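User: Can you walk me through this model? I'd like the overall picture, then some individual residues.
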Amino acid sequence: MSAPDSLKNVKHVILILSGKGGVGKSSITTQTALSLVLKGYKVGVLDIDLTGPSIPRMFGLEDAKIHQSTNGWVPARYNKDLSIVSLGFLLGSKDASVVWRGPKKTAMIRQFLKDVTWPDLDYLLIDTPPGTSDEHIAIAEELQFANPEGCIIVTTPQQISISDVKKEINFCNKVNLRILGLVENMSGFICPHCAECTNIFSSEGGKNLASQLSLKYLGAIPIDPLFVEMIETQKDSSLLDSYENSRLYLESFKPIIDGVLEEIRE
């Protein structure tokens, strides 16, 4: 067996995982993609969170479409360095629901992993659904011969999230998926007026979990209303340009992406 032909132009595959819904995986995927592009890499994002495909909105591409060529699905382009595939591009309306049973979901995931004609990419980021369901088993089976670099685990500081994330870590160990590190998202709230950070969900739950399980702790990302504003005002300004000069990137996420790249090089 060999890796899917669709990944032949992809150098590195990274999954974004969490055992808990609502922890901000798509936000972390978006920031990881933007950070890698800012470092000069060519990046692809594959959104396989089928019941909540939010990546098109994150990049301001809700009206974009992907189409089929003789070689497979052609990704939508954010710019020349960033390509995106999501089920959201195939739905007739952004409000349409996906009411599918497990087999149809896994078939769609397998098709996205096998039938996309990615351009030459340095990194392919896969935004996954929460939990350890059929979709995750399908991902693991399809990627087992593609030698993915590993995954970034996302949690929030609360214990209820930490408990579910432990199950995801256990899943990674069972399928021999390397964990590049753990990110604590929503770690405090940054006041848009005074920039003071308040720990509204407690703090350091992710850091303590990483220490407990001997995982690399990549860092903490606060809730920053300015990032929400960047996402919602993309028609007026470039998300990439706004993010490059943001406090969130310079102070929080740039050290995280440096940690991920350092782990990959080891």
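Analyst: What follows covers the whole chain and then a handful of residues.

User: What kind of model is it, and how are residues numbered?
Analyst: This is a predicted model, where local features need pLDDT of at least 70, side-chain atom pairs count only at pLDDT 80 or more, and totals for chains, interfaces and linings use all residues. Residues are numbered from 1 along each chain as its sequence is written, and side-chain values use heavy atoms, with hydrogens and water left out.

User: How many helices and strands are there in the protein chain?
Analyst: The protein chain has nine helices and eleven strands. Both are DSSP runs numbered from the N terminus, with helices being H or I of at least four residues and strands being E of at least two.

User: What is the radius of gyration of the protein chain?
Analyst: The protein chain has 18 Å, which agrees with the value near 18 Å for a compact globule of 266 residues. The radius is taken over C-alpha atoms, and the globule rule is 2.2 Å times the number of residues to the power 0.38. Along the principal axes, the C-alpha atoms fill a box of roughly 55 × 45 × 40 Å.

User: How much of the chain counts as buried?
Analyst: Of the 266 residues, 53% count as buried. Buried means under 20% relative accessible area, exposed means over 50%, and partly exposed is in between (1.4 Å probe, protein chains only).

User: What about contacts, what share comes from residues 24 or more positions apart?
Analyst: Such pairs account for 79% of the contacts in the protein chain with a separation of 6 or more. Contact here means heavy atoms within 4.5 Å.

User: And charges, how many positive and negative side chains?
Analyst: There are 26 positive and 32 negative side chains, and the centres of the two sets lie 4 Å apart. Lys and Arg count as positive and Asp and Glu as negative, while His and the chain ends are not counted. Each charge is placed at NZ of Lys, CZ of Arg, CG of Asp or CD of Glu.

User: On to residues. Is Glu 184 buried or exposed?
Analyst: Glu 184 counts as buried because its relative accessibility is 1%. Glu 184 sits in strand 9.

User: Which side chain does the side chain of Glu 184 make a polar contact with?
Analyst: The side chain of Ser 187, at 2.7 Å. A polar contact is a pair of N or O atoms within 3.5 Å; within protein, one must be able to donate a hydrogen and the other to accept it, and residues adjacent in sequence count only if both atoms are side-chain atoms. A polar atom of the Glu 184 side chain also lies 3.0 Å from the backbone nitrogen of Gly 205.

User: What else is around Glu 184?
Analyst: Leaving aside neighbours within four places in sequence, Glu 184 is in contact with residues including Thr 155, Pro 157, Lys 207 and Tyr 217.

User: Switching to helix 1. Where does Thr 29 stand, buried or exposed?
Analyst: Thr 29 lies in helix 1 and is buried, with a relative accessible area of 0%. Its side chain joins that of Asp 127 in a polar contact of 3.5 Å. Beyond four places in sequence, Thr 29 touches Ile 16, Val 45, Ile 55, Leu 125 and Asp 127.

User: And Thr 32, what does that one touch?
Analyst: Thr 32 is also placed in helix 1, residues 25–38. Not counting residues up to four places away, Thr 32 touches Leu 125, Ile 152, Phe 253 and Ile 257. Thr 32 counts as buried because its relative accessibility is 2%.

User: Which loop holds Asn 176?
Analyst: The loop between helix 5 (159–174) and strand 9 (179–190). Phi of Asn 176 is near 55 degrees, a positive value in a residue other than glycine. Asn 176 is exposed, with a relative accessible area of 72%.

User: What about the phi of Ser 214?
Analyst: Ser 214 has a positive phi of about 55 degrees although it is not a glycine. Ser 214 lies in the loop between helix 6 (205–212) and strand 11 (217–223), and is exposed at 68%.

User: Last one, which side chain does Glu 232 reach?
Analyst: The side chain of Glu 232 makes a polar contact of 2.9 Å with the side chain of Arg 57. Glu 232 is in helix 7 (residues 225–232) and counts as partly exposed, at 47% relative accessibility.
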